[in-house]
Amino acid sequence: MSRVNDVGGMSGFPAVIEEPDEPPFHSDWEAHVFALNGALIRRGVYNLDEFRDAQERLPVQEYLAASYYERWFAAITTLLREKGVVAGEELELPDEH
Amino acid sequence: MSDDHGSSVISAQVRHVESLLESRGLLDAGEIDTRIDEFLAGGSPANGARIVARAWVDPGFAERLLADANSAIREVGLSMAGGLQEQRLKVVANTEGEHNVVVCTLCSCYPIALLGPSPSWYKSEAYRSRVVRDPRGVLAEFGLELPAGTSIAVWDASAESRYMVLPRRPDGTEGLAEDELAARVTRKGLIGTAAV
Amino acid sequence: MSTDRFAPGVRVRTRTTDPAGHTRLPRYARGAVGVLVEQAGRHPLADDRARGVPADPQPVWHVRFAAADLFGAGDHTVTVELWQEYLTPIEEAP
């Protein structure tokens, strides 16, 4: 079924905005998410297509509200859960209880 | 979700996942920092600029670059093998009659191992949705007004190749050295949203 | 015969259906007619890899479309990179 990522030719998006002198990453955590994904793919925990698929399967409203690397992190945690690497409750921050 | 509080929450979540994975032996201590440092030291638009400048001064190199970019870029000490696996690089050359522009409509495919992280606009829905349908209008928003007689070829990076545009050499640069030419090349020129 | 069905210059129609899972045929290029430009290597189908299904490598092609055929307007071309399995050659009339 058509997915939220498949936007080529779609109407309704605004003019393109450029960010002058944009840094490679906007926060340290973005760089960590980038590197974490590479590490997990190299180890064979999941492959790049499974990673793209996991982003595309995010609830549409969550997907649209999230930033680029927030989508990445959501896909990573989805796959870690689905692959049985971690249990869902382990992903919650200890100090949230 | 991206305000300071949200940023500190997700920072903590990312650190938490990293420590979970370290405890399971799926991540080595310090591995993430090493990867970030290596990545930031490796890919850069300057790599693409070097390739372009060489192609401008060496027609034989330009020919090899367009026929088999992966082999040709090794001549200038670069490779597409720096990422998860070696990827095929497809270089497309602008001519007097045709301008090329690259997009990934399905996600954000880009030769990051070679050129570094892509700009946010390249990853935006605004760019990805519109440039396939109205490239002339989108390029005009970037300040690139193409002559009406110039045709536009849009390349959608929808599979395994990664793309780079070979811009046309600007007029009046006949006397410049290769490194001076490279300094003229911008990241947008390598994507196709600028002339050079 | 079968090896010649896909070659540069051959006209192809893309798959018309909308599959349930991950795919790399953009919807704007679904059911469209384009021309094979050049082979872009051989790779297992991304749709299968995303499902964890073993898949043999198959040719991937740069396929060029006229914008007017995709969007009803536009004088540009769009070249999409598509797995051979997404494509059916159009037999030319004798």
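**Exercise 1.** Among contacts in chain A between residues at least 6 apart in sequence, what percentage join residues at least 24 apart?

*Solution.* Residues are numbered from 1 along each chain as its sequence is written, and chains are lettered from A in the order in which they are written. The model is predicted, and local features need pLDDT of at least 70, side-chain atom pairs count only at pLDDT 80 or more, and totals for chains, interfaces and linings use all residues. Two residues are in contact if their C-beta atoms, placed from the backbone, lie within 7 Å. Of the chain A contacts between residues at least 6 apart in sequence, 60% join residues at least 24 apart.

**Exercise 2.** Describe how helices H1 and H4 of chain A pack.

*Solution.* Helices are DSSP runs of H or I with at least four residues, strands runs of E with at least two, numbered from the N terminus; chain A has four helices and zero strands. Helix H1 (residues 28-42) of chain A packs against helix H4 (residues 68-82) of chain A at an angle of about 40°, with the axes 10 Å apart. H1(A) and H4(A) are therefore oblique to each other, since angles under 35 degrees count as roughly parallel, over 145 as roughly antiparallel, 65 to 115 as roughly perpendicular and the rest as oblique. The contact is made by Glu30(A), Val33(A), Leu36(A), Asn37(A) and Leu40(A) of H1(A), together with Tyr69(A), Trp72(A), Phe73(A) and Ile76(A) of H4(A).

**Exercise 3.** How many residues of chain C are in contact with chain A, and which element gives the most?

*Solution.* On chain C, 13 residues are in contact with eleven residues of chain A. H1(C) gives the most to this side of chain C, with three residues.

Note on methods
Axes fitted to C-alpha atoms, helices over the stretch in contact; angles between N-to-C directions.
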